[in-house]
Amino acid sequence: MTLKRDAMSNKNEFDKARTGKHEELACGEPAHSDEALTQQQITLAQLQSESILQPENAKQELRIGVYICRCGGNISDVVDVERVAETVRMIPGVATAKVHTFVCSDPGQHMISNDILEENLDRVVVASCTPFLHEQTFRGAVSRGGMNPYLYEHVNIREQASWAHKHDPEGATAKAIRMIAGAVGKLRYAQPLEQIKLPNHRRALVIGGGIAGMKAAADLAARGIKVLLVETAEQLGGRLNQWSHVYPSERPAAELVAELSRRVHHDPNIEVLLGWKITEVAGFIGNFKIAAESLQPSMTRPPRIEATVGAIIMATGFRPYVPRDGEFLYRTEPCVVTLPEFIQLMQSTSQDAKKLTHRNQTIRNVAFLHCVGSRQLDGVHEPGADGRLNTYCSRTCCTTILQQALAVRRRFPHVGVFDFNQDIRTYGRGEEDYYAEASKSGVVFFRYNGEEPPTVHITPSGHAQSGALSVAVKDALTWGQELEVPVDMVVLGTGMMPGQIEDLIDQMKLATGEDGFLQEVHPKLRPVELAVNGVLLAGTVQGPMNISETLSAAGAAAVKAAAMFAREDVELNPYVAEVDLSRCCGEAQCVTQCAYEGALSIVEIEVDGEMITRAQVNAGLCVGCGACVAVCPHRAIDVNGWRLDQFEAMVEGIAADMPGQTCASELVSIH
Amino acid sequence: MSEAFVPKILVLATEKCAYPGADAVGKAHQEYPSNVYILRVPSPVLFPEDFYLDCYGKGIDGVLIAACGSDCPYHGAYEQLAARIDQLTSHMNAGGLGIERIRLTAICTVCIKAFLKEIALMSDNLYRLGRVDRKLAGQLRRESLNRLQGSVRALDLAPALQGGL
């Protein structure tokens, strides 16, 4: 039973009909006795008077600390933060208002926790960036100062003020003041809340058995955590099974796969499902209910399994860009191939081979084209089937192209190699060496402007001559000379595309970036977490990464999940409905609105020996939507943290002529 | 009172969709007028009719309900909300506040253009309509509260209360 702390106390002295032990008189059996009906009408009549809907639980004597962030100029270049502080100091209840360059920094957070202790603050407001970034940070800071974290209010004056009203500093400043006044009003009605604790299922689901999934599963299992690893293919390894040697170590990719898959298969903590697909995901952190279906059901395999897991690691990887038919003559000319196809060709060519051949044709000159399907520009490139341009850099193709170019020059010194790039992005440790070595080995580089990519043609001289194809380029290295290079083969440096996981994205309500890859909460502060609590990112599902980066991300995701499992319970925000028993009359209006089975019901409870009916919330099932709130004629049900009186107070703070003043509602005549 | 009229626009923005959508506008450094105040809400379904009328009574000139639409994370909440706003709008219209001071729309997390368009539309309407009649809004709010309380008598409580629990 969700009981309000002082719900049954007789705190409303002026209004006995609605309080304490008298409430059964007010509305215990509203419809069926004359006395009750009369009493109910009294209640209704009282409700009609303004005073009853004015919440009586507003705390008047407050000591609120307001902290305004400059965000290193992001806010203070537009909003006059000093004036904001001066003005909000005048709002009744505000004990202190301070400005800091970065409130989220350690010194900024210390300032808050120290002030709570030294200045006896009982409420805190921080006006800074969006709450999605630092609401949790500042809840932590106020907790460390000994204050209940839900007596904290966040005001967004960066995304929704300084950045959005850059050319209106006066207006942005006034808005910041009003928004803070609103937050102070909301805090007047705030109550300390406790997080809801639910059991944490100490088992993780890893979706995807590529190098990221294997690494995450192995790391988690090494910490003693049970893992369910689900892969759609019949073997582990993912894309790595298609590569030959990985840069910069030049180890065979198969060795890496073998090493990791041995760890995965032999660890008793890991259960591996190969040839399975996740079909359902529901629930929340600590308590995800998942279902998987077998892609090839057989006598030995059940068609479907269900499981409960506490965390989900997304390691579904990427999908290589496949050029459109005719793009650089791909699928028109057999000797125009993609980078993965070329790697396969090199791998299947015997180490003793003297010649490089493709479809019985000897390759004497080969061209590599960078940025095929990456760094696409509006107006230059055609959007894909989904209408999207891949504007991002795929990050791995430059080094892979140079690795392959160098391999060609070393294995077949008589084969000429021509490289067409916008610029070379060999950014990682040891990767620049490939560029230096390729240059030394005689690879010829051409550089084009992104708006004028090279074009591939069939040479008029025909297939028998030296080069059936040619690459035409406006070369920036020779000040824009238009050159044509005859070659036998063109390798398209294709990049990465987001994997096809729309159904998972849909079911789990995951955020994707403009590029279609899954989007982390924050690129620097929370790089492997998704906005859905308990769902983590490992590898190229998040965007193009090389193998080292993928392994780092997978390791980080495993650590994040392990840290989450270190706690016995999962703590959820207490934003669920709560019934004010001193106001509830058991009329069940709210129950008719609730769409969640079991979340809200009418129960009989005993008060002073008499049975009365009241609404009751099941906090584990309530989602906190508030559908019940709007229909209660007695304002007897509210969503904690988002109470109706709090919203009314916020509007008052925003709308008042002067911050801190009341609007006096309709009593004010402005005409 | 001699100051030029600048309408106060309140945006009730859902935590899952429209609020991050409004953030995206700022992140993209797109601008809109500073007299637009955005409140983060789990779902606007929690507001009764009288809340909106209270906003007008307090001097808010226009309310834009920026919801999740079909992406609403709560079962049935968007439909319930839409039905309520329908009712509210007809009450506002009948009561003389008109229908242009309120608008229900869906804004997604990346709907920058839609957000700016809705703000511009509401802003244009409000400059044309002028200040909200706060007294009238207060009157309508009282009527709305009466209706809410009347709903108790109208509701058939038999299944919940008569047949035992």
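**Overall composition**

Of the 165 residues of chain B, 55% count as buried, a residue being buried if 20 or more other C-beta atoms lie within 10 Å of its own, exposed if 12 or fewer, and partly exposed in between, with C-beta atoms placed from the backbone. Chain A has 671 residues, of which 47% count as buried. The model is predicted: local features need pLDDT of at least 70 and side-chain atom pairs count only at pLDDT 80 or more, whereas totals for chains, interfaces and linings use all residues. Residues are numbered from 1 along each chain as its sequence is written, and chains are lettered from A and ligands numbered from 1 in the order in which they are written.

Chain B has six helices and four strands, and from the N terminus on its elements run β-α-β-α-β-α-β-α-α-α. Chain A has 17 helices and 32 strands. Helices (H or I, at least four residues) and strands (E, at least two) are DSSP runs, numbered from the N terminus. Among contacts with a separation of 6 or more, residues 24 or more positions apart account for 83% in chain B and for 69% in chain A; two residues are in contact if their C-beta atoms, placed from the backbone, lie within 7 Å.

**The interface between the chains**

In chain B, 55 residues are in contact with 60 residues of chain A. Two or more residues each come from helix H1 (18–27), strand E2 (36–41), helix H2 (49–57), H3, helix H5 (134–154) and helix H6 (158–162) of chain B. H5(B) gives the most to this side, with ten residues. By class, the side of chain B that touches chain A has 29 nonpolar, 15 polar and eleven charged residues; Ala, Val, Leu, Ile, Met, Phe, Trp, Tyr, Cys and Pro count as nonpolar, Asp, Glu, Lys and Arg as charged, and the others, Gly among them, as polar.

**Helices of chain B**

Helix H3 of chain B covers residues 77–95, and its 19 residues should span 27 Å at 1.5 Å a residue, in agreement with the 26 Å between its end C-alpha atoms. The expected span is 1.5 Å times one less than the number of residues. Buried residues of H3(B) include Leu81(B), Ile85(B), Leu88(B) and Met92(B). Just after H3(B), Gly96(B) takes a positive phi of about 100 degrees.

The axes of H1(B) and helix H4 (residues 112–129) of chain B come within 9 Å and cross at roughly 95 degrees. Axes are lines fitted to C-alpha atoms, for helices over the stretch in contact, and angles run from 0 to 180 degrees between N-to-C directions. H1(B) is therefore roughly perpendicular to H4(B), a term for angles of 65 to 115 degrees, with those under 35 roughly parallel, those over 145 roughly antiparallel and the rest oblique. Gly21(B), Ala22(B), Ala24(B) and Val25(B) of H1(B) meet Ile112(B), Phe115(B) and Leu116(B) of H4(B). These contact residues divide into six nonpolar, one polar and no charged.

**A loop residue in chain A**

Arg425(A) lies in the loop between strand E20 (416–421) and helix H13 (432–440) of chain A. It counts as partly exposed because it has 19 C-beta neighbours inside 10 Å. Leaving aside neighbours within four places in sequence, Arg425(A) is in contact with Cys393(A), Arg395(A) and Cys398(A).
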